[in-house]
Amino acid sequence: MSALHADRLVAGYGAAEQILKGASVRVEPGEIVSIIGPNGAGKSTLLKALAGLLRTASGRITLGGRDVTAANAMGRARAGISFVPQERNVFGRLSVAENLAISGFLDPAATSARVEEMFARYPMLAEKRRAAARTLSGGQRQILAMAMGLMANPLLISVPSPAGW
Amino acid sequence: MVTTHLGWGAVGAVATAFIVGGLVGVICEEAGLRRLYPAGALTVAIASIALNLVLENVVRFCFGNDLRGFDLPITPDLVLGGIFVGTQQLQNLWLAIAVGEIGEPCGVPRLRSFASVVHRAARWSRSTTGAVSQLLITDRSVVMFAFLMFTRFGRAMRAVAENADLARLKGIDPRRIAMIAVLLGAGLSGAGGVLLGLDTSIDPLTGYRVLLSVFAAAVLGGLGSIPGAVFGALALGLAEELSLLVIPSTYRSAVGFFAILLMLTFRPRGLLGERSV
């Protein structure tokens with residue numbers, strides 16, 4: 001069973017401007033998939049549509065065999081899709097530890113253990129745990145954003161333009 | 001009504017005010033203000049002022065315009081180091097700490113919370129010294145601060161206030177969080193009104209009279225900053241009282257206008273407000 005199967009998605013920014021015109025993608029468990037294309041091809045639009053930030057006009061999305069097409073961004077997050085935005089991807093006024101904790105909002109019982117796990121994986125974050133996220137450098141902020149994306153132990157994590165980070 | 005007809009006493013009145021205030025807040029939010037969100041913050045702010053006028057007049061229609069107060073026994077003030085402190089104010093402090101005070105990260109309830117803080121600042125600074133006022137305000141604010149800083153829902157409120165879209169991606173429902181915030185904020189504002197009534201006489205326009213001070217305190221401290229709200233309320237309350245040394249009391253409200261003018265001109269984000277990321 002595929003971790004993710006998006007089938008013939010049609011989506012865009014308003015009815016008159018459809019960016020995705022029948023895009024399909026399949027991701028198997030443990031697989032890393034890169035979506036490559038020129039500027040304006042719709043890479044970020046596809047990821048936003050998968051994350052539920054854009055409503056799809058047609059098509060179907062299943063996650064671990066479960067149909068999540070009708071779910072909004074919250075529902076997709078609860079189903080196991082973790083989308084790491086390219087910009088505005090941390091809560092600047094919250095500390096590093098709070099950013100991680102809030103990213104585990106859906107599973108409060110496991111949050112403390114997961115936060116410590118992230119600190120072990122990214123020691124820089126442990127050193128800065130009490131610092132407000134807005135005080136981090138650009139690179140540190142992206143590491144925090146990635147750790148936040150991993151906090152919920154998602155089935156799928158999607159990252160737009162990681163090379164540009 | 002709760003005290004005179006049902007005989008529930010002050011604690012019952014505070015609890016009832018919390019529940020009724022919270023429910024009215026949620027109804028206003030869900031039935032009115034939420035529908036205006038797409039029109040922008042300014043529209044919502046103006047609508048909230050209009051809603052405030054409607055609610056005040058509903059209360060006036062139902063209960064009249066007379067000053068009301070609780071029929072409490074007269075007790076002598078305590079003298080602590082030369083400072084006169086009313087026993088009712090100490091009881092208010094206990095109730096305030098027990099009930100708590102929640103500031104909202106967004107929307108009208110925050111203004112109501114500011115109003116409550118400013119109410120107390122203004123009132124207590126009239127009847128006691130600034131030091132005691134500061135103690136009372138700070139103690140209430142400690143509970144508010146602890147809730148927002150150290151609880152799961154408090155963190156979620158701060159997260160939603162800063163970036164609702166990102167919060168959504170983390171599985172947090174901003175609408176649900178906002179509703180909890182409105183419930184707690186409006187409820188505690190209602191409770192604050194009863195506490196104010198225990199200390200002084202109140203009427204349906206009591207809140208309206210401090211509206212300018214509320215805005216001035218919020219602007220002075222910095223919109224969105226909880227310590228800023230406390231600091232702004234305290235500073236404004238003290239400034240209004242100290243201004244009486246040099247200007248007639250008729251012009252007391254000019255201090256608030258002057259504070260708003262200065263802050264918007266020289267530091268629009270307020271003394272403790274922060275720039276966004």
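**Figure 1. Helices H3(A) and H6(B) are roughly perpendicular to each other.** The model is predicted. The two helices, H3(A) and H6(B), pack at an angle of about 100 degrees. Angles of 65 to 115 degrees count as roughly perpendicular, hence the title. Their axes lie 10 Å apart. Two packed helices are described by the angle between their axes and the distance between the axes. On the chain A side, the contact residues in H3(A) are A:Glu98, A:Ala101 and A:Ile102. They meet B:Arg152, B:Arg155, B:Ala156, B:Arg158 and B:Ala159 in H6(B).

Figure 2. Over all chains, the count of aromatic pairs comes to one. Its members are A:Phe105 and B:Phe153. The ring centres are 6.1 Å apart, and the planes make an angle of 90 degrees. Planes over 60 degrees apart count as edge-to-face, so this pair is edge-to-face. B:Phe153, at 24% relative accessibility, counts as partly exposed.

**Figure 3. The charged end of B:Arg152 sits over the ring of A:Phe105.** The distance to the centre of the A:Phe105 ring is 4.1 Å. The charged end of B:Arg152 also sits over the ring of B:Phe153. Here the distance to the ring centre is 5.7 Å. B:Arg152 is also among the H6(B) residues that meet H3(A).

**Figure 4. A:Arg8 has a positive phi in strand E1 of chain A.** Most residues other than glycine have a negative phi. For A:Arg8, phi is about 50 degrees, although the residue is not a glycine. Strand E1 covers residues 4–12 of chain A. Is A:Arg8 buried or exposed? At 55% relative accessibility, A:Arg8 counts as exposed.

**Figure 5. A:Asn153 has a positive phi in a loop of chain A.** Phi of A:Asn153 is near 50 degrees, and the residue is other than glycine. The loop runs between helix H6 (138–151) and strand E6 (156–158) of chain A. A:Asn153 counts as exposed, with 57% relative accessibility.

**Figure 6. A:Arg114 is buried in helix H4 of chain A.** Its relative accessibility is 13%. The cut-off for buried is under 20%, so A:Arg114 falls below it. A:Ser103 is 11 residues from A:Arg114 in sequence. The C-alpha atoms of A:Arg114 and A:Ser103 are 10.0 Å apart in space.

**Figure 7. B:Val194 is buried in helix H8 of chain B.** Helix H8 covers residues 174–199. B:Val194 has a relative accessibility of 11%. Not counting residues up to four places away in sequence, B:Val194 touches B:Ala10, B:Ala13, B:Val14, B:Ala17 and B:Phe70. B:Asn92 lies 102 residues from B:Val194 along the chain. The C-alpha atoms of B:Val194 and B:Asn92 are separated by 9.6 Å.

**Figure 8. B:Gly40 lies in a loop between two helices of chain B.** These are helix H1 (9–31) and helix H2 (41–63). B:Gly40 counts as partly exposed, at 27% relative accessibility. How far apart are the C-alpha atoms of B:Gly40 and B:Ile247? They are separated by 39 Å, with the residues 207 apart along the chain.

**Figure 9. Chain B comprises 12 helices and two strands.** From the N terminus, the elements run α-α-β-β-α-α-α-α-α-α-α-α-α-α. Chain B has 277 residues, and 45% of them count as buried. Among contacts in chain B with a separation of 6 or more, 69% join residues 24 or more positions apart. The accessible surface of chain B comes to about 13,900 Å². Carbon and sulfur atoms account for 69% of that surface.

How values were computed:
Residues are numbered from 1 along each chain as its sequence is written. Chains are lettered from A and ligands numbered from 1 in the order in which they are written. This is a predicted model: local features need pLDDT of at least 70, side-chain atom pairs count only at pLDDT 80 or more; totals for chains, interfaces and linings use all residues. Side-chain values use heavy atoms; hydrogens and water are left out. Helices (H or I, at least four residues) and strands (E, at least two) are DSSP runs, numbered from the N terminus. Buried means under 20% relative accessible area, exposed over 50%, partly exposed in between (1.4 Å probe, protein chains only). Contact means heavy atoms within 4.5 Å. Accessible areas come from the Shrake-Rupley method with a 1.4 Å probe; for residues, only the protein chains shown count as cover. Rings of Phe, Tyr and Trp (its six-membered ring) pair if their centres lie within 6.5 Å; planes under 30 degrees apart count as stacked, over 60 as edge-to-face and the rest as tilted. A charge sits over a ring if NZ of Lys or CZ of Arg is within 6 Å of the ring centre and within 35 degrees of the ring normal. Axes are lines fitted to C-alpha atoms, for helices over the stretch in contact, and angles run from 0 to 180 degrees between N-to-C directions. Angles under 35 degrees count as roughly parallel, over 145 as roughly antiparallel, 65 to 115 as roughly perpendicular and the rest as oblique.
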